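I opened this model to look up its aromatic pairs and the strands around them. My notes follow the order in which I checked things.

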Amino acid sequence: PPRILTLEEPVLHMDHCIAFAVHGNPAPTLHWLHNGQVLRETEIIRMEFYQQGEVSEGCLLFNKPTHYNNGNYTIVATNQLGSANQTIKGHFLEKPFPAASGLFSFRMQYTPTFLCIDSKAFSFQVSIAVGLAAFACVLLVVLFIMINKYGRRSKFGMKG
């Protein structure tokens, strides 16, 4: 059955890395849990490892983790002969709005909101802006030509 040889706390290299080494024959399949829930790989969190004989070594990599990524990380190794798991605490950042303390304390709730942009409305706004800019440029060119052509002639025949 698989055996977890090492599981290290997160270290910052290029990305934050939770290093691990797992021994097993046949080679075990690996997956991760975050606070007891299955961890899905994304652009921010991914696992990279290589197999060398009966040992799999690698990292669970975090690209710019936030306080939402704090918690317990469990590696689960499974093959036909059994499974093994081990947990480590990952702490990356403090919460941005800690609870205030004192007589008049209050708790701030922070909920992330994401700006959703309607692509049709955005492209319409961009086309309006480009059209207005083009109209302004044409108007300036016409005014410049008219001033150069008619602005030199004196109405009263005087030369200045």
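I began with E4 and E8, which pair in the antiparallel sense over 6 bridges. Strands (E, at least two residues) are DSSP runs, numbered from the N terminus. Two strands pair if DSSP finds at least two bridges between them.

A note on the source: this is a predicted model, where local features need pLDDT of at least 70 and side-chain atom pairs count only at pLDDT 80 or more, while totals for chains, interfaces and linings use all residues. Residues are numbered from 1 along each chain as its sequence is written, and side-chain values use heavy atoms, with hydrogens and water left out.

I looked up Leu33 next, and its bridge partner in E8 is Thr74. Thr74 also stands opposite Thr87 in E9. E8 and E9 run antiparallel, joined by 9 bridges. A hairpin of 2 residues links E8 to E9. I then checked burial (under 20% relative accessible area with a 1.4 Å probe, protein chains only). In E8, 7 of the 9 residues are buried.

**Aromatic pairs**

I counted 4 aromatic pairs in the structure. The rings of Phe20 and Trp32 have centres 5.7 Å apart and planes at 70°, so this pair is edge-to-face. Rings of Phe, Tyr and Trp (its six-membered ring) pair if their centres lie within 6.5 Å, and planes over 60 degrees apart count as edge-to-face. Phe20 sits in strand E3 (residues 16–23) and Trp32 in strand E4 (residues 29–34), so the pair ties together parts 12 residues apart in sequence. Phe20 is buried at 2% relative accessibility. Trp32 is buried too, at 3%.

I moved on to Phe62 and Tyr73, an edge-to-face pair with 5.3 Å centre to centre and 75° between the planes. Phe62 belongs to strand E7 (residues 55–62) and Tyr73 to strand E8 (residues 71–79), so this pair ties together parts 11 residues apart in sequence. Both Phe62 and Tyr73 are buried. With Phe92 they form one aromatic cluster.

**The core**

Which residues touch the most other members of the largest nonpolar core? I found Ile18, Phe20, Trp32, Leu60, Tyr73 and Ile75, in a core of 18 residues. Such a core is a set of buried Ala, Val, Leu, Ile, Met, Phe, Trp, Tyr and Cys residues joined through side-chain atoms within 4.5 Å.

Last, I listed contacts (heavy atoms within 4.5 Å). Leaving out residues up to four places away in sequence, Trp32 touches several residues, including Leu7, Met47, Leu60 and Tyr73.

Conventions: Phe/Tyr/Trp six-rings, centres within 6.5 Å; stacked < 30°, edge-to-face > 60°. Helix = DSSP H or I, 4+ residues; strand = E, 2+ residues; numbered from the N terminus. Buried < 20%, exposed > 50% of the residue type's maximum accessible area, 1.4 Å probe, protein only.
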